[in-house]
Amino acid sequence: MSKKTYRIALYPGDGIGIDVLNETVRVLEAVQQRVGGFELQYTRFDWGADYHAAHGKTAPDDMLDQLRPFDAIYLGALGDPKRLPDHITLEPLIRMRQGFDQYACVRPARLWPGVRSPLANPGEVDMIVIRENSEGEYFSCGGSFKPAQPDGLAVQTAVHTRKGVERILRFGFDLARTRRKTLTMITKSNALKFGMVLWDEVLEELTPEYPDVRADKMHVDAASMDFVRRPSRFDVVVASNLFGDILTDLAGAIVGGLGLAASANINPQRTAPSMFEPVHGSAPDIIGKGIANPVAAIISAAMMLDWLNLPAAASAIRAAVEETLRKGFRTPDLGGTLRTQQMADAVIEQIRGQA
Ligand code: NAD
Ligand code: IPM
Ligand code: MN
């Protein structure tokens, strides 16, 4: 049988993004060898703060054209706040999500066996937050007037379209059908009386089409409280771009921290490549120390393999991560002493030992 090959664009970015991406590629190579039948071909794009120093921009103008031919994009993390403002370094990330219509940002938060939650009694936590990834509060519509003056002002408008809200809710409903059949939509229609009321209305319209799914809505403030108070009640959570951003750091913290939080930016129609990256950023506070937890990045790569329809390889990675964590291998963010590379070595060891 001939091997199926996939072209993967690697975009390491900045800070720990580079470290966790490099380790994840080693894990991918191990799983390719172990599972067999497929080959990942990598092309690396070293864009980010260093590229900016040389070219005056963090990524080239034709970035999307360069990335479009790939089967998937795998990204480390962007941002170097000591050298450049974040809205400059992070612009390519938003450009990619919006330009490639990766409208569904899928962020699972599951408490892995053996991992301690900072909550005293978290119960069984296994939720997936679906974050609207193409519009909403990130629409980039606004302007400022005399911003440096005492009477200066800035306006930033959120744009929620019926099409955008409907498609992300349908994505959530479809996912809920494959899980515990519970969908919670995050709203704030008690205060945001145009945008979030539209979300409420679309939810109400769609709910009868999915009679097998229990759908309800919660205001984002109350939902934040319940993420902490009783996280096990959540199954599929659908949220706008900004609410989803905030809630997924919170969900990550509840299941052991950003070192374990994976993410996929999906174009469900496959009209452009999807992009896979950990939830976390470039972590300037631990940059260059070699102690970043690579697990979030490694699980994001498993999500990529699932998307490429390589479920055996994806499961092999997840099983190896589960075993590694169960056996107590830990980087400092989880109270251990392992370095990034040693943690990846532990996962690779598990993959090699799999029956
Ligand atoms: P961050 O996620 O980089 O870090 C938050 C905290 O979590 C830090 O204490 C960090 O050390 C810790 N942490 C994060 N990932 C970790 C890991 N894998 N292992 C161990 N500890 C980890 O968030 P921040 O500090 O707000 O942002 C830093 C930079 O990253 C900024 O420039 C920000 O804009 C950018 N950022 C980028 C992305 C992305 O590329 N997708 C996401 C979030 C933030
Ligand atoms: C994330 C990040 C980005 C976002 C930032 C860095 C632009 O926080 O991927 O969660 O807000 O989407
Ligand atoms: Mn975020």
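Two remarks on conventions come before the details. Residues are numbered from 1 along each chain as its sequence is written, while chains are lettered from A and ligands numbered from 1 in the order in which they are written. Because the model is predicted, local features need pLDDT of at least 70 and side-chain atom pairs count only at pLDDT 80 or more, whereas totals for chains, interfaces and linings use all residues; side-chain values use heavy atoms, with hydrogens and water left out.

I begin with the aromatic rings. A pair of aromatic rings is described by the distance of the centres and the angle of the planes. Rings of Phe, Tyr and Trp (its six-membered ring) pair if their centres lie within 6.5 Å; planes under 30 degrees apart count as stacked, over 60 as edge-to-face and the rest as tilted. Searching the whole structure gives five aromatic pairs. In one of them, Y11 and W47, the ring centres are 5.2 Å apart and the planes stand at 90°, so this pair is edge-to-face. Y11 belongs to strand β1 (residues 4–13) and W47 to the loop between β2 (38–44) and α2 (49–55), so the pair ties together parts that are 36 residues apart in sequence. Helices (H or I, at least four residues) and strands (E, at least two) are DSSP runs, numbered from the N terminus.

Are these two residues, Y11 and W47, buried or exposed? Both Y11 and W47 are buried, where buried means under 20% relative accessible area, exposed over 50%, and partly exposed in between (1.4 Å probe, protein chains only). For W47 the relative accessible area is 5%. W47 also pairs with F45: the ring centres are 4.7 Å apart and the planes at 40°, so that pair is tilted. F45, at 10% relative accessibility, counts as buried. Ring pairs link Y11, F45, W47 and F70 into a cluster.

Next, the loop residue. L310 is placed in the loop between α10 (295–307) and α11 (311–326), and is buried, with a relative accessible area of 12%. Which residues does L310 contact, leaving aside neighbours within four places in sequence? They are Y6, F38 and L305, contact meaning heavy atoms within 4.5 Å.

Backbone N or O atoms of G281 and of A283 each lie 2.8 Å from an oxygen atom of ligand 1. Taken alone, ligand 1 exposes 800 Å², of which the protein buries 73%; accessible areas come from the Shrake-Rupley method with a 1.4 Å probe, and for residues only the protein chains shown count as cover.

A polar side-chain atom of R131 lies 2.7 Å from an oxygen atom of ligand 2. For D245, a side-chain N or O atom is 2.8 Å from an oxygen atom of ligand 2. Taken alone, ligand 2 exposes 320 Å², and the protein buries 75% of that.

Key:
Polar contact = N/O pair within 3.5 Å; in protein donor to acceptor, adjacent residues only side chain to side chain.
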